[in-house]
Amino acid sequence: MPLVTMRQLLDEAAKGGYGVGAFNVNNMEQIQAIMEAAKETNSPVIIQASRGARQYAQDRYLYHLMLAAAELYPEIPIAMHQDHGNSFETCKSAIELGFTSVMMDGSLKTDGKTPTDFEENVEVTRRVVDFAHERGVTVEGEIGVLGGIEDGHGAGGTGLEHVTDPDQAVEFAERTGVDALAIAIGTSHGAYKFSKKPDGSVLKMDILIEIHKRLPKTHLVMHGSSSVPKDLQAIINQYGGHLKETWGVPVEEIQLGIRNGVRKINVDTDNRLAITGAIRKVFAETPEKFDPRDYMKPARDAMKKLVAERMTQFGQAGHAGDYEQKSVEAMAQGYRDGSLSTQPLVAGR
Ligand code: G3H
Ligand code: 13P
Ligand code: ZN
């Protein structure tokens, strides 16, 4: 079974009123963890690779691991997505490799931390949309900027400096024709998002709700959506780690987002915490062990458990078999004939 596009997964999620987790991967064990969680919960999946992941694993390894997943789990729709593409060239190379979806993060310059101006973002994103849609590939854009830079993406600060302006979001979606739109509502990448449980003063759910009302056909994306669970922080610290006290995005807030147009939820940090906690535990409790399988297996199991939990909480569980999987060629035809347009009223599109 070939990989499917993210647009199809998100259109189906919108029909069903649920969200789809997009989980980052860098290696075989993370892909295996996601696929086993998807099988257990009967979920469609978005697997995403950052530029760092593509560099770490080498593109072709990642691509063939994804094909192996599609071959081994033909009943599960799988979209392969470029996370935080920083230029037209990054997105183009992902599409040429076989990714079925790309994010053009034109909210930041190619360094991944300096905010761009609006026109620059529109221009580069529009260029990627033209190239991608001709080939049936999905595009996610971003307007507004996330905080934090510990993982190399974000403008720094608390996340409240560059919250998305709803007027700009509407203009951006209309002028670029993106399928999905990442917005900034106060979250950051990484483990250190909030120094207390976030409330309305830091998480701008009202802005998200307004954007959805004005752009009902554009799928909204929440980046920086790890919940940074206390139990995972505790395991790491119990076995020799040093994490400072921190709070992530509560799952109930994500669920509120899902009721208001959020269809893709990006989670990486929680899986990193789950994996690290499991490995630290093996190292601390059985220091005589040195076979990597002795710690990679518990690490993979811990990630699978976390992913299955999120799939259930986001509502994608049970939906893997709801629809026939469409090819990229069929999607390209849809963009050509206008049936996949998100902005039918804009002149010249
Ligand atoms: O958005 C960032 C993801 O967590 C990926 O992080 O660039 O360290 O692979 P990375
Ligand atoms: P977290 O760091 O909250 O997991 O966010 C991941 C993300 O947004 C990847 O693009
Ligand atoms: Zn992100």
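The shell around ligand 2 comprises one nonpolar, ten polar and two charged residues, where Ala, Val, Leu, Ile, Met, Phe, Trp, Tyr, Cys and Pro count as nonpolar, Asp, Glu, Lys and Arg as charged, and the others, Gly among them, as polar. The model is predicted, so local features need pLDDT of at least 70 and side-chain atom pairs pLDDT 80 or more, whereas totals for chains, interfaces and linings use all residues. Residues are numbered from 1 along each chain as its sequence is written, with chains lettered from A and ligands numbered from 1 in the order in which they are written.

Of the 13 residues around ligand 2, H223, S226, N266, D268 and T269 come nearest; a residue is near if its C-beta atom, placed from the backbone, lies within 6 Å. Strands β3 (78-85) and β8 (262-267) each contribute at least two residues to this shell.

The chain contains 13 helices and eight strands, defined as DSSP runs (helices H or I, at least four residues; strands E, at least two) numbered from the N terminus. In strand β5 (residues 138-143), six of six residues are buried, that is, 20 or more other C-beta atoms, placed from the backbone, lie within 10 Å of their own. T138, E140 and E142 point one way from β5, and V139, G141 and I143 the other.

Strand β5 pairs in the parallel sense with β4 (residues 101-104) over four bridges, pairing requiring at least two DSSP bridges; M103 is the bridge partner of E140. Four bridges also join β5 to the parallel strand β6 (residues 180-183), where A182 partners E142.

Key:
Buried ≥ 20, exposed ≤ 12 C-beta atoms within 10 Å, placed from the backbone.
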